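Here are my notes on the dimer you asked about. Have a look at the model first.

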There are 2 protein chains.
Amino acid sequence: MTDEQYMRQALREAQNAFDIDEVPIGAIIVLKDKIIARAHNQVELLNDPTAHAEVLAITTACNYLGAKYLPEATLYVTIEPCLMCSGALHWSKLGRIVYGAPDDKNGYRKYTNISPFHPKTQLTGGILAEECAQLMKDFFKSKR
Amino acid sequence: MTDEQYMRQALREAQNAFDIDEVPIGAIIVLKDKIIARAHNQVELLNDPTAHAEVLAITTACNYLGAKYLPEATLYVTIEPCLMCSGALHWSKLGRIVYGAPDDKNGYRKYTNISPFHPKTQLTGGILAEECAQLMKDFFKSKR
C-alpha cells in the first residue's frame with residue numbers, strides 16, 4: 001500500500017474522532033504492510049490530556065508486540081505531532097513517521113529547530129495534507 | 001508541607017522505580033495540600049515508552065478529578081521533564097511544576113528555548129537536586 005492509502009486509514013480514525021466530538025486527529029502504525037495499531041484522539045472521552053492519537057497508537061503497538069521500541073514500524077498521523085507526541089515518538093524509536101497537514105499552532109516545529117525524533121527515524125510530511133487539514137477546519141468551525 | 005517535603009514523596013516513588021529496575025524517576029501531584037496522584041516510571045514493566053512518571057501521574061490525577069485540566073494542582077517530579085512530559089504538562093495546564101535535578105541529556109531545555117508549558121504554569125527547579133540526581137547516577141552505574 002502507498003503512503004496515501006495508509007494515510008486514508010489514519011483519516012478514517014480522525015473521522016471517528018470527529019464523530020464523537022473529539023479533535024479530529026487519527027493515527028495508525030504499520031509493520032511489514034500490516035496495520036498493528038489504530039487510534040484517534042480520546043482526550044474528552046477519557047478526561048485525559050495525554051490521550052492523543054499518537055500516544056494511544058504507540059501504547060497499542062507496543063502492547064501488541066510486547067516491545068518498547070518500534071524501529072521497523074511506520075506511524076501515519078493526520079496532523080503534525082505536538083510536542084508531547086514528538087517526544088513519545090522519540091522514545092518509541094519509530095522507523096518512520098508520516099504526517100498529513102502541518103500544525104503551526106501546536107506542532108512540535110513551533111518549539112524546536114532540532115529534530116526531536118530518534119536520529120534513525122525517517123520523516124515525511126504533507127501526505128493528503130489538504131484533507132487532513134480540512135477535517136480540523138470543519139471541526140473548529142462547528143465549535144464556533 | 002514544604003516543596004522539600006513533597007519532593008521527598010516524589011523521591012520515594014523514584015526509589016520504588018529503582019527497586020524494580022526502572023529508570024528512577026518519580027512524580028506526585030498535589031491539590032490543596034493533598035497528594036492526589038503518585039507514579040514512577042513503568043516503561044519496562046508496561047513495555048510502553050510513554051509510561052513516564054509525569055504522564056502516569058497526570059492520567060491518574062485527571063481520572064481522580066474527572067477533569068482534563070489541573071490548573072490548581074502542583075506536580076513534583078525528581079528530574080527535569082523530557083520533551084514528551086513537558087508537552088503532557090502543557091496540555092494538562094498544571095498550576096505549578098517543581099522538579100528536582102536538571103537533565104542535560106533528555107530534559108526539555110535541550111530542545112527548546114521557548115517555555116513548552118502553559119503560560120499560567122509556574123516553574124521551580126532544583127529542589128533536592130543532589131538527591132534526585134544521585135539516585136539516577138547510582139542506577140546507571142549499576143547498569144554498567
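Predicted model: local features only at pLDDT ≥ 70, side-chain atom pairs only at ≥ 80, totals over all residues.

1. Residues are numbered from 1 along each chain as its sequence is written, chains are lettered from A and ligands numbered from 1 in the order written, and side-chain values use heavy atoms, leaving out hydrogens and water.

2. Symmetry: turning chain A by 180°, with 0.0 Å of shift along the axis, puts it on chain B at an RMSD of 0.0 Å (least squares on C-alpha atoms of residues with pLDDT of at least 70 in both). The two copies are thus related as by a two-fold rotation axis. In chain A, A:M84 comes closest to that axis, its C-alpha at 2.0 Å.

3. Interface: 32 residues of chain A are in contact with 32 of chain B (heavy atoms within 4.5 Å). 100% of chain A's interface residues are also interface residues in chain B, so the copies meet through the same surface.

4. Salt bridges: two cross the interface (a Lys or Arg side-chain nitrogen within 4 Å of an Asp or Glu carboxyl oxygen). A:E44 pairs with B:K68 in a salt bridge, 2.5 Å from N to O.

5. Helix α4(A): nine of its ten residues (83-92) are buried, so the rest of the structure largely encloses it (buried is under 20% relative accessible area, 1.4 Å probe, protein chains only; helices are DSSP runs of H or I, at least four residues). Among the buried ones are A:M84, A:C85 and A:H90.

Key
Buried < 20%, exposed > 50% of the residue type's maximum accessible area, 1.4 Å probe, protein only. Helix = DSSP H or I, 4+ residues; strand = E, 2+ residues; numbered from the N terminus.
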